[in-house]
Amino acid sequence: MPRIPVPFTGSSIISHSAEINNQRTVNMYPVIESLGAKNTVTLKEVPGKTKLGNAGGGPFRSDWVEWEGNLYAVSGTELIKLDDDLQPTSVGNLQVASSRCSLAAGFTQLGIVDGDNGYMWDGTTLTQISDPDFPGGDTITWLDQRFSVNDPGTGQFYASDINAGLAWNPLWFATPESVPDDLSAVKANTSNLLLVGTRSTEFYYNSRNPDFTFDQIPGAVLDRGTNAPHSLIETEGSFFMLAQNKQGGKTVVMTRGRQFIYISADIQDALDKLTVVSDAVGMAYSEGKNSFYQLTFPTEDKTFVYDIGMQLWHERESFGYGRDFTNGIGYINGVHVIGHHDSNAYYKYDRTVFEEDGEIISRRRRMQVISKDGKYLFHNRFTLDCKTGVGTVTGQGSDPIISLRYSDDGGESFSSWLETKLGKIGETKQEVYWDCLGQSKDRVYETRFTDPAELSINNAYLDIEPGYN
């Protein structure tokens with residue numbers, strides 16, 4: 001009875017047909033190991049979350065942005081300052097509490113927009129922009145001493161006076177004209193301004209033109225835009241967003257130089273099934289050698305995460321939701337700070353815990369289909385090669401359980417969950433396997449782990465032999 005390795009560790013790859021490919025990696029992600037490792041790719045658990053406190057009226061509705069040694073985010077109608085001890089202070093109030101907010105850090109001011117209104121924080125006072133020439137803005141960014149915003153519902157963007165986010169000249173605007181579409185979002189990196197319309201994207205630079213300081217980079221026009229302005233983020237030297245073309249197809253793209261790279265092939269069929277995507281929110285963070293672009297669809301209650309270095313997708317869910325509850329991420333003094341999308345609670349990523357503020361994290365991996373020439377195979381034993389003896393000292397997880405189920409129709413329907421032990425603390429020789437799993441032409445296995453303990457998966461093996469034709 002041969003024992004063969006099966007390709008268990010991997011990413012979320014979702015096909016239009018479950019029988020073709022229906023892999024899911026939830027609250028775990030693949031990691032490439034160094035030369036000489038037992039397996040080249042392993043599965044690592046996403047970090048737990050520890051609550052730090054409550055701030056503002058909630059929910060959090062912006063990313064956390066660092067400015068002058070503090071982090072800032074919007075919670076309810078309040079602008080929250082988080083100092084380097086992670087203690088919150090409400091420093092001012094906004095007019096509305098519902099829309100997503102965009103923040104940008106300048107030299108002397110922090111800018112905030114919520115669609116209709118704009119505000120500037122100077123470290124002492126939060127002031128609403130009252131200049132009648134301020135157009136509003138869904139997004140705000142900072143480049144070369146000026147704030148820039150899109151004018152909602154038009155194809156125009158405006159720039160502020162130098163280091164003066166409260167002052168806006170009615171003649172200091174431009175209209176990207178390569179494609180006649182509305183401008184959805186603006187975002188800057190260290191040298192360029194990205195102007196994203198509903199169907200096109202253009203790169204601008206600071207030409208020092210006295211009539212208007214920003215001009216288009218010749219030929220830097222791309223044929224995709226977005227109707228999800230808050231999906232646009234900049235990280236690792238590239239821009240990422242949920243894009244659409246003039247035919248309406250939605251994809252996830254990143255820039256490489258001044259070109260778009262299509263990165264959502266593995267989850268494209270899942271994206272195509274989403275109905276409401278205009279409220280998509282993009283976030284980014286790095287941990288060790290991994291950097292992530294996290295894309296959440298609030299209405300659809302889904303979160304997909306792209307590992308930029310690995311070029312692989314996984315999914316994240318919080319207990320009680322279909323999505324990860326993270327609604328904004330920031331970084332200060334070695335801590336990743338998180339705002340909750342449904343409350344005024346804020347958290348930190350924490351590798352020392354395996355829960356989210358006491359709630360379970362369900363870590364699941366559904367592997368690819370096992371088949372051989374359309375013939376039946378007897379599945380005698382499924383063995384999981386993973387770290388064992390990981391139980392907690394007391395309470396839930398002291399005798400951790402991992403579960404397995406299987407499907408013979410590509411994942412449309414499953415068996416009941418079959419449990420086995422992962423080993424109490426110190427039981428590092430514990431074997432993890434399931435016997436007598438029947439026969440199948442097309443078999444998919446899925447594991448689930450919900451105890452508050454470490455889970456690291458190296459590989460899987462199958463004791464298998466030919467069945468009936």
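**View 1. Strand β20 and the largest cavity.** β20 (193–197) is the top contributor to the lining of the largest cavity, giving three residues. Strands here are DSSP runs of E with at least two residues, numbered from the N terminus. The other element giving two or more residues to this lining is β21 (201–206). A cavity is a set of points, on a 1 Å grid over the protein atoms alone, where a 1.4 Å probe fits but cannot get out; lining residues have an atom within 4 Å of a point. This cavity holds about 60 Å³, a volume being the space filled by probe spheres set on the points, which are joined across faces, edges and corners. Its lining splits into four nonpolar, four polar and two charged residues. Nonpolar covers Ala, Val, Leu, Ile, Met, Phe, Trp, Tyr, Cys and Pro, charged covers Asp, Glu, Lys and Arg, and the others, Gly among them, are polar.

Keep in mind that this is a predicted model: local features need pLDDT of at least 70 and side-chain atom pairs pLDDT 80 or more, while totals for chains, interfaces and linings use all residues. Residues are numbered from 1 along each chain as its sequence is written, and side-chain values use heavy atoms, with hydrogens and water left out.

**View 2. The second largest cavity and Arg316.** This cavity has a volume of about 30 Å³. Arg316 is part of its lining, along with Asn27, Val46, Pro47, Lys49, Asp324, Tyr349 and Glu356. Arg316 also lies over the face of Phe292, 5.3 Å from the ring centre; that takes CZ of Arg or NZ of Lys within 6 Å of the centre and within 35 degrees of the ring normal.

**View 3. The largest pocket.** Here we have about 1000 Å³ of space in a pocket, meaning an open set of points with protein on both sides within 12 Å along at least five of seven lines. Of its 40 lining residues, Asp63, Val65, Leu103, Lys187 and Glu234 lie nearest the centre. β27 (281–287) supplies the largest share, five residues.

**View 4. Trp64 meets Tyr346.** These two rings make a tilted pair, 6.2 Å centre to centre with 55 degrees between the planes. Rings of Phe, Tyr and Trp (its six-membered ring) pair if their centres lie within 6.5 Å; under 30 degrees is stacked, over 60 edge-to-face, the rest tilted. Trp64 sits in the loop between β6 and β7 and Tyr346 in β33, so the pair ties together parts 282 residues apart in sequence. Both are buried, i.e. under 20% relative accessible area (1.4 Å probe, protein chains only).

Methods. Helix = DSSP H or I, 4+ residues; strand = E, 2+ residues; numbered from the N terminus. Buried < 20%, exposed > 50% of the residue type's maximum accessible area, 1.4 Å probe, protein only.
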